[in-house]
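My notes follow in the order I looked things up.

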Amino acid sequence: TLLHAQDFDFFYFAQHVSCDSKIKCCYPTNGKPAEDFGIHGLWPNYFNGSYPKSCNKNGRYDETQPTLSCPSNNGTRFWSHEWKKHGTCSLSMLDTHSYFQAALALKEKVNLLQILKNAGIQPNGGFYDLEAIKKAIERGIEHTIGVECNIDLNGNSQLYEVYICVDKSGSNIIDCPIIPETKRCNEIVEFAVFGSRNILDGG
Ligand code: 5GP
Ligand code: 5GP
């Protein structure tokens with residue numbers, strides 16, 4: 001029950017460049033999604049950088065609870081995974097429905113792609129200064145963030161994931177109490193065309 005739920009300190013809200021060669025896209029039945037960052041997850045974390053996972057081993061994922069717009073089996077399997085691995089660790093704050101609701105509301109609140117476009121940083125396969133990407137997002141949301149890259153088929157480092165930090169309620173963006181390690185990023189990184197499926201190593 002909620003009384004015995006495990007505690008945590010804050011969330012990472014992770015958005016990634018999805019639909020690469022390692023990640024199956026969840027295409028809604030009404031067509032391909034917009035070219036945009038995808039929600040990877042809303043992950044409970046501790047201030048020291050470690051994190052709890054799979055907090056309710058007996059807990060089921062009630063798939064009637066989240067009302068998300070992507071009805072394919074792939075989506076359901078992934079959401080179930082995210083709920084069991086991460087969502088169950090924020091049960092002290094959010095039930096299943098509120099957990100997914102919080103992630104969707106954060107996605108609406110922060111238009112990462114627009115923030116980058118406003119700074120002249122486009123998903124066009126071009127190369128950009130990693131610091132410029134970080135600064136643009138940090139100016140846009142007025143809080144610090146983390147980023148992660150992966151390696152494309154030509155061996156180029158490319159922007160893969162953006163971590164925004166969120167308080168325990170799941171609704172307020174905060175400065176990251178601890179910035180996740182900037183994996184696989186060079187000083188200059190590619191911003192791939194969404195859906196270009198050119199990723200060699202997603203980590
Ligand atoms: P990766 O090795 O690609 O960085 O992470 C693999 C998976 O580990 C992520 O998709 C996520 O489930 C989990 N993970 C990695 N880093 C963190 C973190 O700092 N906090 C939490 N809560 N989960 C993480
Ligand atoms: P994590 O352990 O990081 O919470 O979950 C990562 C796992 O989910 C990885 O095995 C990755 O391949 C998969 N994954 C990440 N993003 C997506 C997605 O958008 N859709 C689906 N179906 N799987 C994903």
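**Entry 1: the whole chain**

I began with contacts (heavy atoms within 4.5 Å): among those in the chain between residues at least 6 apart in sequence, 74% join residues at least 24 apart. A note on ground rules: this is a predicted model, where local features need pLDDT of at least 70, side-chain atom pairs count only at pLDDT 80 or more, and totals for chains, interfaces and linings use all residues. Residues are numbered from 1 along each chain as its sequence is written, chains are lettered from A and ligands numbered from 1 in the order in which they are written, and side-chain values use heavy atoms, with hydrogens and water left out.

I then went through the secondary structure, taking helices (H or I, at least four residues) and strands (E, at least two) as DSSP runs numbered from the N terminus. The chain has four helices and eight strands, and from the N terminus on I read the order β-β-α-α-α-β-α-β-β-β-β-β.

For burial I used relative accessible area: buried is under 20%, exposed over 50%, partly exposed in between (1.4 Å probe, protein chains only). Of the 203 residues, 46% count as buried. The accessible surface (Shrake-Rupley, 1.4 Å probe; for residues, only the protein chains shown count as cover) comes to about 10,400 Å², and 49% of that belongs to carbon and sulfur atoms.

How many residues of strand 5 are buried? I found ten of its ten, over residues 157-166.

Next I checked pairing, which takes at least two DSSP bridges between two strands. Strand 1 (residues 10-16) runs antiparallel to strand 5, with six bridges joining them, and I see Q15 opposite V162. Strand 4 (residues 145-152) also pairs with strand 5 in the antiparallel sense, over seven bridges; there N150 faces Q158. Four residues sit between the strands of that hairpin, and G155 takes a positive phi near 85°.

Strand 6 (residues 173-174) pairs antiparallel with strand 5 over two bridges, with V166 opposite I173. This hairpin has six residues between its strands, and G170 takes a positive phi near 85°.

**Entry 2: F194**

I looked up F194 in the loop between strand 7 (188-191) and strand 8 (199-201). Is F194 buried or exposed? It is buried, because its relative accessible area is 8%. Leaving out residues up to four places away in sequence, F194 touches V17, E35, D36, F37, L113 and P123. V17 is 177 residues away along the chain, yet the C-alpha atoms of F194 and V17 are separated by 6.7 Å.

**Entry 3: around ligand 1**

I listed the shell with a cut-off of one heavy atom within 4 Å and got Y12, H40, W43, P44, N45, Y51, K85, H86, E148 and K183. By class (Ala, Val, Leu, Ile, Met, Phe, Trp, Tyr, Cys and Pro nonpolar; Asp, Glu, Lys and Arg charged; the others, Gly among them, polar), that makes four nonpolar, three polar and three charged residues. Strand 2 (residues 38-45) gives the largest share, four residues.

Then I went through the N and O atoms. A ligand oxygen is 2.7 Å from a side-chain N or O atom of K183, and an oxygen is 2.8 Å from one in the side chain of H86. A ligand nitrogen is 3.0 Å from a polar backbone atom of P44. Taken alone, ligand 1 exposes 490 Å², and the protein buries 76% of that.

Definitions and conventions
Polar contact = N/O pair within 3.5 Å; in protein donor to acceptor, adjacent residues only side chain to side chain.
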